[in-house]
Amino acid sequence: MTFLLIILSFVLICMIFIIWCHYRFPEPHWNWDEIDLKETKFPKKFMWGTATAAHQVEGNCNNNNWFEWENSKDDLGNPRIKDNQRSGKACDHWNRYEEDIKMILELGVSHYRFSIEWSKVEPKKGYYDRKVINHYSNVIDKLLENNITPVITLHHFTNPTWFDNLGGFEREQNISIFVRFCEKIFDEYSSRVNLWCTINEPEVYSMMGYFVGVFPPGQKNPNQAVNVLKNLLVAHTAVYTKLKSLKNGEKSKIGIVKNVMQFDPYRRWNLLDWIVCILTNNIYNGIALSYLKTGKINIRIPFFININYSNPLAAKKTDFFGLNYYSHSHLKFKANLNEFFDNKFFATDTMTDMPYVIYPEGLYRAIKDVESIGKPIIITENGIADAKDDRRALFIERYLYSVYRAIREGTNIKGYFYWSLMDNFEWAEGYDMKFGLYEVNFKNQKRKLRNGAKEFIKVIKKSG
Ligand code: BGC
């Protein structure tokens, strides 16, 4: 009898928990037939932009962790990058930036977000290459000459090899080395550049590199993944505080860039699916959001993760929240200690070429979630891999509608940057994923505006 009562109580508690989750974490799907997309409009001073990252477009990044990674093999002798591709010459943006700036102009955008390749600026610890510093200075001048506002990302996934040899962001002591590089860059360009992104997607860098293992250094160690994530967040605060204290610091807007992806249960009435989703959301999104709100990180999953960090002074240390958004994921619990969920899709999902479903409602959800930090939001990345270019226009139309809807409701969103200006080296996927507004022919480096990109140009024009 008692046993039966215990079982019944347990079942009841589980059911209450599932019902609570169901209402607490809804997964909205709008009826797009009832939405008038012509309503979409944006404020006059809205920042319109497009984005790239050095390693993905410049070419000849031969001195960083990704170069090493692309040229190594896993334990079974398999290449790290799909079909053994290498970033190599990439889009040759290093030499063709003037032509590329003309393309940026043709889009009608006002801003260009790009990253500085640390391994080129500081090829050896403490030695800065003047030619490289001058190169980025010329890029900045060319943008300004064309009335395009430069937005600099200080760290976008790549580290100089020498920095990784010192333990990279696995060691909190190494943060000061990164801060010193950022100080140098800020000192060089801050009289002409006002918008700064400190670190791009700390959760992607740490989870892909230390948990999933498909980015360098290819580890599968949850505790190390969270430790690296913690160090990157701490590095953001250290860079922010340092740059703010320098000349031009006060007038500059300096922010972190975070990828938000929601993890929704594949079966909304399954307790185990909810548990994996709540845990994954907490690690992937919750840690960074809690750190930015309170300066605290406290996560303990017995036998897997135990990280406790507190620095209340770090709270709110960002002038804006750079939001990168692509999609959400549906997780299905799997009884396997190495991989405790599967990423599932529904037959009704409209897919992109990446394993991402088109889900514009998710961008709206993400905006509402990060609004709680209380900082202006800039959508620093959003885009679609679509080689056939048959979904890009719809993607742009609908995701921009989500941004508009949040603005209409009063959310402080300052800008939107499409990822990416042109096709480029998509990390572990090599060159197969076509995110570009411009198609790139990698044999002859010819660029061509994609039809789908015209939707972006249209909305920008309409906003004046
Ligand atoms: C990264 C980009 C990447 C894009 C598309 C973002 O996570 O910042 O470097 O190319 O996603 O996958």
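Predicted model: local features only at pLDDT ≥ 70, side-chain atom pairs only at ≥ 80, totals over all residues.

Modeller: Helices α10 and α11 pack with their axes 11 Å apart, at an angle of about 30°.

Colleague: Which hand does the crossing of α10 and α11 have?

Modeller: The two helices pack with axes 11 Å apart. The crossing of α10 and α11 is right-handed.

Colleague: How is α1 placed against α11, and is the crossing left-handed or right-handed?

Modeller: Helix α1 covers residues 2–24 and helix α11 residues 271–294; their axes lie 10 Å apart, at an angle of about 55°. That angle makes α1 oblique to α11. Where α1 passes α11, the crossing is left-handed.

Colleague: Turning to the ligand, which residue has a side-chain N or O atom 2.5 Å from an oxygen atom of the ligand?

Modeller: The residues around the ligand include His156, Glu201 and Trp427. A polar side-chain atom of His156 is 2.8 Å from a ligand oxygen atom, and one of Trp427 is 2.9 Å from a ligand oxygen atom. The distance of 2.5 Å belongs to a side-chain N or O atom of Glu201.

Colleague: How much of the area that the ligand exposes when taken alone does the protein bury?

Modeller: Among the residues around the ligand are Gln56, Asn324, Met354 and Phe435. Taken alone, the ligand exposes 310 Å². Of that area, the protein buries 95%.

Colleague: How many residues of the shell around the ligand are charged?

Modeller: By class, the shell has five nonpolar and four polar residues. Glu201, Glu381 and Glu426 are among the residues around the ligand. The number of charged residues in the shell is three.

Colleague: Which residue does a cis peptide bond join to Trp419?

Modeller: Most peptide bonds are trans. Trp419, one of the residues around the ligand, takes part in a cis bond with omega about 15°. The partner is Ser420.

Terms used: Residues numbered from 1 in each chain as written. Heavy atoms only, no water. Near = heavy atom within 4 Å. Polar contact = N/O pair within 3.5 Å; in protein donor to acceptor, adjacent residues only side chain to side chain. Areas by Shrake-Rupley, 256 points an atom, 1.4 Å probe, with all protein chains shown as cover. Nonpolar A, V, L, I, M, F, W, Y, C, P; charged D, E, K, R; others polar. Axes fitted to C-alpha atoms, helices over the stretch in contact; angles between N-to-C directions. Helix = DSSP H or I, 4+ residues; strand = E, 2+ residues; numbered from the N terminus. Parallel < 35°, antiparallel > 145°, perpendicular 65-115°, else oblique. Left-handed = near helix turned anticlockwise from the far one by under 90°.
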